[in-house]
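Hi,

Here is the structure I promised to pass on. Have a look first, and my notes follow below.

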Amino acid sequence: MDTEKWLLAELTELENATQNESITTSALLQATQQLVHAQVVRIEQAEAELDGRIWSPSKW
C-alpha cells in the first residue's frame, strides 16, 4: 500500500526530527507506527474474508 509506506516514512522522519525533544513524542510516534501496521493487517484480513465469502456459495 502506497499510503502505508508514505505514512510510515513521514512518521519515521518526524521521529528522527524530534528524537532529542521528548520521550513522550517519540513514544507517541512509535505507537502510531504500530497502529498503522495493525490497521494494515486488519484491512488485509477483511479483504481476504470478503474474497472468501464472495467465492463461497454457502455464504451467499
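I count a salt bridge when a side-chain nitrogen of Lys or Arg lies within 4 Å of a carboxyl oxygen of Asp or Glu. Before you read on: this is a predicted model, so local features need pLDDT of at least 70 and side-chain atom pairs pLDDT 80 or more, while totals for chains, interfaces and linings use all residues. Residues are numbered from 1 along each chain as its sequence is written, and side-chain values use heavy atoms, without hydrogens or water.

By that rule there is one salt bridge. Arg-53 pairs with Glu-49, their closest N and O atoms 2.9 Å apart. Both sit in helix α2, four residues apart, or about one turn. (Helices are DSSP runs of H or I, at least four residues, and strands are runs of E, at least two, numbered from the N terminus.) Arg-53 is partly exposed at 43% relative accessible area, and Glu-49 is partly exposed at 45%. For these labels, buried is under 20%, exposed is over 50% and partly exposed is in between, with a 1.4 Å probe and protein chains only.

α1 covers residues 2-17, and its Glu-4, Leu-8, Leu-11 and Glu-15 are buried. They span an arc of only 65° around the axis, so they share one side of α1; the arc is taken from the directions from the helix axis to the C-beta atoms. Those buried residues pack against α2, contact meaning heavy atoms within 4.5 Å. The face turned away from the buried side carries exposed residues, including Trp-6 and Glu-13.

Finally, Trp-55 comes in the segment after α2 and counts as exposed at 70% relative accessibility.

Cheers

How values were computed
The expected span of a helix is 1.5 Å times one less than its number of residues.
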